[in-house]
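Welcome, and thanks for taking a look at this one. Have the sequence and the 3D view open side by side, and the notes that follow will walk you through the fold, the interface and a few individual residues.

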Amino acid sequence: MYYVKRIGQSILVFFIALTVTFALYRLLPFGPTDMVKVQLMKESLKQGASPTPQQMASINAMVETYTGIDPTQPWYISYYEYLRDIVLYQDFGRSIFKGRPVFDILFEAMPWSLFISIYGLALGTTVSLLLGALMAYNEGSAFDTGMTVVALVNSTIPYYIVAILSLIVFSFNLEWFPSGGRMDPNTTAGLNLPFIVGVVEHAALPVLSAFIASFGGALAFRGNCIREMGEGYIRVARLRGISQGRIAIRYVGRNALLPIYTNIMVGIASIFGSSIILETIFNYPAMGFVTFNALMNRDYPLIMGAFIIFTILTLIGILIADLTYGVIDPRVSKGGDREAY
Amino acid sequence: MKPTDGADGGEPRPDGGTNNPDGPGPIDEATLFTQLSDVPEPTAAERLSEWFNRHVYAPGVVFFSDWRAVTGAVILTGFLLMGTVGVYVVPEPRVMEGPIFVMPFTNWDYPLGTGVMGKSILGQVVHATPAMLKMIAAGALLSVSLGTVIGTVAGYRGGLSDSILMTVTDVVLTIPGLALVIVLASIYQPEDPFIVGLILGIDNWPRLARTIRSQVLSIREEAFTESSRIMGLSELTILRKDLISNLMPYISVNFANSSRKVIFESVGLYFLSILPFTTLNWGVMMNEAYNGANLTRPEELHWLLIPMVLIILVSLGFILLAQGLDRVFNVRLRARHENASRSETDGGERA
């Protein structure tokens with residue numbers, strides 16, 4: 001029952017998000033339609049007198065090709081059509097700049113983005129949880145103090161600065177890693193060693209930066225572990241002779257993880273935004289890079305499509321996190337109303 | 001506890017007053033609830049000193065005993081001065097005012113060196129600060145006030161307003177925030193730093209609203225909130241006095257955190273030139289340096305590194321200040337100091 005409710009909620013959120021985006025894109029003043037229209041009007045005004053009805057019609061037609069929106073159509077009809085195309089036909093419109101369907105462009109780029117961001121996020125989360133636990137178990141030691149400083153410093157440095165610096169050091173100066181692209185152009189795609197090495201080499205620096213971007217939970221997890229270790233049931237468990245490892249993982253770790261959960265969720269929501277910045281810096285042709293180029297070319301249908309895909313992926317990620325959360329916290333699967341998630 | 005109506009002569013009552021048999025006589029039902037105790041009204045001076053102790057002295061002691069708070073405050077004050085006074089002291093940078101690629105700390109006409117256009121980097125840095133400050137102020141204020149208001153109202157009122165507000169919060173929380181900000185920024189091309197700040201503030205508030213709501217849910221069940229309600233204080237007073245004052249640690253910490261996020265995001269977006277270049281900005285400087293300098297030559301790198309160092313310094317300031325403020329607003333800690341300041345013992349606090 002909980003799962004059904006949760007999935008339903010995600011679908012609802014998706015439609016609300018879609019509507020909000022559509023409204024931003026379409027209904028607010030000086031959105032893309034108005035911008036393009038004003039520009040075209042100005043040009044026609046320069047050439048001569050006020051636009052005749054035919055000229056208006058041609059302007060509207062040009063607006064339509066530029067933004068994928070017919071300005072003469074009322075918004076609710078275009079909203080309905082947009083929704084219908086996406087839900088029924090997975091049709092996000094056509095890219096103006098590339099002249100191909102938006103869905104195809106994004107679908108090609110998506111796996112590469114997922115590859116980088118999921119590796120980065122998974123690595124960052126795992127390592128920061130492990131470090132947090134280690135710090136808690138060695139509370140007050142030199143390791144604890146040192147790692148606290150490292151975690152603090154990490155949170156003052158934005159990930160893109162790490163990206164830029166690692167690019168300058170490892171790629172421009174030492175030339176250990178390539179500075180752009182996602183695979184070695186001299187290799188053939190497939191399951192052969194040179195190709196895989198090329199892919200790994202190209203992904204190394206972006207994954208490193210994504211790893212550093214998602215390396216935030218260590219201090220919070222440390223605090224939770226320490227608090228959990230002071231609880232009475234841990235002492236009882238020790239007295240009952242339960243092994244250290246089991247206490248550390250099943251008792252302390254599991255309970256300390258619960259409050260961190262929000263952070264992990266928000267991490268999922270933020271990776272796609274940061275991928276736009278990262279992939280652009282590394283010239284890594286995936287979702288973020290495509291989106292950035294679309295932004296620069298004012299390719300509005302592609303921007304909309306990319307944003308919707310980002311939202312869908314985020315929702316799926318959060319949904320998976322939420323559904324597997326029952327494994328960590330058995331209370332959830334009973335459908336209890338959690339106060340804070 | 002002894003029943004009050006059975007009180008006989010001279011015996012101290014548990015509430016601190018005395019029943020004097022020669023006095024106004026036995027207490028009847030009416031005076032029981034209206035009679036005031038004999039405790040003297042504090043004079044205006046006493047009240048002032050009490051207020052001073054509670055609101056200035058005790059927080060001040062905690063604040064200045066914490067090196068993180070002091071360091072953070074010093075760093076941020078430095079930036080504030082740079083953005084207000086510094087703009088008048090340091091001349092505005094001009095193209096070719098000095099030689100190309102002066103290394104920092106070598107020529108004192110250009111303390112931080114120059115870039116490829118011969119513009120003083122110090123001048124650029126200083127003249128970029130006011131816009132950065134405006135952006136931070138707008139973004140952090142928007143996200144903190146929105147988060148606080150939505151969180152408290154949802155938590156305190158509950159019911160329908162709670163579920164509506166939390167649905168909205170969840171929607172914004174699940175929309176990829178930075179991606180939305182980037183899309184908005186590129187569609188509307190904001191130029192005013194305040195508006196840039198507001199757009200960047202959009203994706204910061206839902207988390208705060210969620211945390212604050214869960215805090216409010218537990219605070220409103222506490223005894224002191226309950227008693228305020230029974231005393232018939234207005235909802236607004238309860239919200240302000242009981243809830244917001246207890247939430248101040250979260251609010252201050254989040255103010256610092258969202259300021260840091262606004263800096264990070266704005267610099268990133270200016271660096272990628274997604275936001276239009278209108279004013280000087282550290283991100284714009286980084287963009288120009290990244291594209292203009294030969295990045296394999298160490299003697300040109302300072303152009304790129306100096307804005308980076310500034311960003312790191314500012315966010316360090318905000319983080320340290322947030323951690324320090326966390327202690328200042330920590331009610332338990334402050335209460336200990338307040339007592340200490342009265343009994344003249346040193347409340348030195350090392351956690």
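Chain B of this predicted model has 14 helices and 0 strands. Read from the N terminus, its elements are α-α-α-α-α-α-α-α-α-α-α-α-α-α. The predictor assigns the complex an ipTM of 0.77 and a pTM of 0.76.

**Confidence in chain B**

- The mean pLDDT of chain B is 76, and 77% of its residues reach 70 or more.
- Residues 1–10 of chain B have pLDDT under 50, and the model gives them 10 contacts beyond four places in sequence.
- Residues 343–351 of chain B also have pLDDT below 50, with 9 contacts in the model beyond near neighbours in sequence.
- A friendly reminder: where pLDDT is low, the predicted coordinates should not be read in detail.

**Packing and surface of chain B**

- Chain B has 351 residues, and 47% of them count as buried.
- Among contacts in chain B with a separation of 6 or more, 67% join residues 24 or more positions apart.

**Where chain B meets chain A**

- The contact involves 46 residues from chain B and 50 residues from chain A.
- About 4100 Å² is buried between chain B and chain A, with carbon and sulfur atoms giving 76% of it.
- On the chain B side, B:T174, B:I187 and B:Y188 lose the most area to chain A, together 14% of what that side buries.
- Which helices of chain B each supply at least two residues of the side that touches chain A? They are α6 (159–174), α7 (177–188), α9 (205–219), α11 (235–271), α12 (282–292) and α13 (302–328).
- The largest share of that side comes from α7(B), with 10 residues.

- A:T314 sits in helix α14 (residues 300–328) of chain A.
- Is A:T314 buried or exposed? A:T314 counts as buried because its relative accessibility is 0%.
- A polar atom of the A:T314 side chain lies 2.6 Å from the backbone oxygen of A:F310.
- Beyond its neighbours within four places in sequence, A:T314 is in contact with A:I268, A:A269 and A:F272, and also with B:T174 and B:P176.
- One of these partners, B:T174, is among the three residues of chain B that lose the most area to chain A.

**Helix α13 of chain A**

- Helix α13 (residues 287–296) of chain A is mostly covered, with 8 of its 10 residues buried.
- The buried residues of α13(A) are A:M287, A:G288, A:F289, A:V290, A:T291, A:F292, A:A294 and A:L295.
- After α13(A) comes A:R298, which has a positive phi near 55 degrees.

**B:V87 in helix α4**

- B:V87 belongs to helix α4 (residues 86–89) of chain B.
- B:V87 is partly exposed because its relative accessible area is 22%.
- Not counting residues up to four places away in sequence, B:V87 touches B:M82, B:V126, B:H127 and B:P130.
- B:V87 and B:G292 are 205 residues apart along the chain, and 25 Å separates their C-alpha atoms.

How values were computed: Residues are numbered from 1 along each chain as its sequence is written. Chains are lettered from A and ligands numbered from 1 in the order in which they are written. This is a predicted model: local features need pLDDT of at least 70, side-chain atom pairs count only at pLDDT 80 or more; totals for chains, interfaces and linings use all residues. Side-chain values use heavy atoms; hydrogens and water are left out. pLDDT is the predictor's confidence in each residue, from 0 to 100. Contact means heavy atoms within 4.5 Å. Helices (H or I, at least four residues) and strands (E, at least two) are DSSP runs, numbered from the N terminus. Buried means under 20% relative accessible area, exposed over 50%, partly exposed in between (1.4 Å probe, protein chains only). Buried area is the accessible area (1.4 Å probe) that two parts lose on being put together, summed over both. A polar contact is a pair of N or O atoms within 3.5 Å; within protein, one must be able to donate a hydrogen and the other to accept it, and residues adjacent in sequence count only if both atoms are side-chain atoms.
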